[in-house]
Amino acid sequence: MASNLASGADPKLQDIITSLDDDKIDMLAATSVLQQRATDIRSQHVNWQSYFQSQMISQEDFNFIVAFDVQNSAKRESLLHSERHQCAQTFLNLLGHVSKDQTLQYILVLLDDMLQENRTRVEIFHEYANVKKESVWGPFLNLLNRQDGFITNMTSRIIAKIACWSHTPMERSDLHFYLTWLKDQLKTQENKYHMACSASPSIPQKKDKRRCIDIIRGANSILFGMSLEDATRVAQENNEYIQSVARCLQMMLRIDEYRFAFVSVDGISTLLSVLSGRVNFQVQYQLIFCLWVLTFNPLLAEKMNKFNVIPILADILSDSVKEKVTRIILAVFRNLIEKPEDQQVAKEHCIAMVQCKVLKQLAILEQRKFDDEDVTGDVEFLTEKLQCSVQDLSSFDEYSTEVKSGRLEWSPVHKSKFWRENAQRLNEKNYELLRILIHLLESSKDPLVLSVASFDIGEYVRHYPRGKHVIEQLGGKQLVMQLLAHEDPNVRYEALLAVQKLMVHNWEYLGRQLEKEQNIDKNPAGAQVAGKV
């Protein structure tokens, strides 16, 4: 299973996966809260004798754990060679019967260290489960419900190792449960981090000159029931736990069948939601790495921008000061062009990047010197592809991409000439673009987006004869009229113009109907004769 790292065994992915192997990730993470606490826990000692005397563990489990819990790695290796079955049984019994958090933490660190020493040891648990005809995952998944953050995150780390290093893939229902937990944990840790950051202090330079914001943050920390120092510590810890969750995802998403399961639990939206918020560059890198490995699957690469991945990553790229973040974003963009089998999708991705000002960022990056040759290669590749797409770009392609991105602005396509030539094309694909415009009227909070969307609705009605009827059927008229009361004057102005166009269209229709009825009343006989002819 571990060899199944990527769809199509892409050599570039294989090279980078090798350079970012799990033991090296652990070395890089040595200063994280999880690793620091694991180091502290290793220095503790569990009185296994007391557990045995109180009959909380059996004689066999006591004998094994006492013999295993030693510093000598050669003795541990010899014991595991002779008592593989007992090893799995003892650890699973301890995890299932010990309730004290401190002891559970120690057991998990012991188990994680055992797997880290030799990743083939994950098979010990699968062999035991097969003999017992039990699921290997149950005891571990149950621990994810514990309240202690270290226990849940260390358990998650062990699950990821067993799932990725074993030849036996994780079963569908257990996989769904675990990936859902990771996704939810990512959201929870993000929320905790933002809450703690709002409570954490900005230390004033002089004690007698505290700013208002410092006083407010201090009050927040009191309201949250923690000191200023504790608020800072909690912010740091929760940020590190985000990194721990992200590391598990980095491992899991290297395996193709796990990627589709992650997408099915709405994982991509969660990654992008966290990336859209304020997270540090390390979390940015880890989560974009997850998106990158997902794009090695052609089907996922084709669907990726439906989640607005290009606009979000383009924003991060424009603000990025870390080379590792820049490098991984460029790698995602390259995959979004190279990996889709449908060339039309690749073209749409190029247009989306142009729309999000990626060419401008590439021009800036071309002036910088990078140690990594891959970065230079990706910049050159993307620049060439995006410039070619600009040359082939029709105004309707540009408009379509802008609408689909949800980032409307007063670009050249919002002109009368464009609407005279293209209004009817908004009816294509069951009014896809119109539906997006109307959705933006309902969901967007950006005054610029609302202004431009209102203008476009008005122009569509003005240049397409049945436009008023279509807009009413799709629920757009009511939404435009609601914007007449919007707080932003530009939104009110564009909404008013759009409503006027809707009404004028109606008056012209009524005028034609009245004129027709008057002609019939004046000459009913002539109408009949004309009908016969």
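Reply: A residue is called buried under 20% relative accessible area, exposed over 50%, and partly exposed in between. The model shown here is predicted.

Me: Why is D266 placed in its class of accessibility?
Reply: D266 has a relative accessible area of 39%. D266 lies in the loop between α15 (256-264) and α16 (267-276), and it has a positive phi of about 65° although it is not a glycine.

Me: What makes R76 buried or exposed?
Reply: R76 has 11% relative accessibility. Buried means under 20%, so R76 counts as buried. The place of R76 is in helix α6 (residues 73-82). Leaving aside neighbours within four places in sequence, R76 is in contact with F68, V70, Q71 and E117. R76 and M114 are 38 residues apart in sequence and 8.7 Å apart in space, C-alpha to C-alpha.

Me: How many residues of the chain count as buried, and how many helices and strands are there?
Reply: Of the 533 residues of the chain, 49% count as buried. The chain has 31 helices and zero strands. Among contacts between residues at least 6 apart in sequence, 72% join residues at least 24 apart.

Me: What makes W292 and F296 an aromatic pair, and of which kind is it?
Reply: The structure holds 14 aromatic pairs. In the pair of W292 and F296, the centres are 4.9 Å apart and the planes make an angle of 85°. Ring centres must lie within 6.5 Å, and planes over 60 degrees apart count as edge-to-face; therefore W292 and F296 form an edge-to-face pair. Both W292 and F296 are buried. Together with Y285 and F289, they form one aromatic cluster.

Me: How do you know that K322 lies over the face of F281?
Reply: K322 is at 4.6 Å from the ring centre of F281. The limit for this distance is 6 Å, and the charge must also be within 35 degrees of the ring normal. K322 is listed as lying over the face of F281. Likewise, R425 lies over the face of F396, at 3.9 Å from the ring centre.

Me: Which helices supply at least two residues each of the lining of the largest pocket?
Reply: They are α18 (298-303), α21 (343-355), α24 (395-405) and α26 (428-443). The lining has 31 residues, of which E348, S400, K404, K429 and E432 lie nearest the centre of the pocket. About 790 Å³ of space lies in this pocket.

Me: Where does pLDDT stay under 50?
Reply: Residues 22-31 are one such stretch, with 20 contacts beyond four places in sequence. Residues 200-226 are another, with 28 such contacts. Where pLDDT is low, the predicted coordinates should not be read in detail. The chain averages a pLDDT of 82, and 79% of the residues score at least 70.

Terms used. Residues numbered from 1 in each chain as written. Predicted model: local features only at pLDDT ≥ 70, side-chain atom pairs only at ≥ 80, totals over all residues. Heavy atoms only, no water. Phe/Tyr/Trp six-rings, centres within 6.5 Å; stacked < 30°, edge-to-face > 60°. Buried < 20%, exposed > 50% of the residue type's maximum accessible area, 1.4 Å probe, protein only. pLDDT = per-residue confidence, 0-100. Contact = heavy atoms within 4.5 Å. 1 Å grid on protein atoms, 1.4 Å probe; cavity = no way out; pocket = protein on both sides within 12 Å on 5 of 7 lines; lining within 4 Å. Points joined across faces, edges and corners; volume = space filled by probe spheres on them. Helix = DSSP H or I, 4+ residues; strand = E, 2+ residues; numbered from the N terminus.
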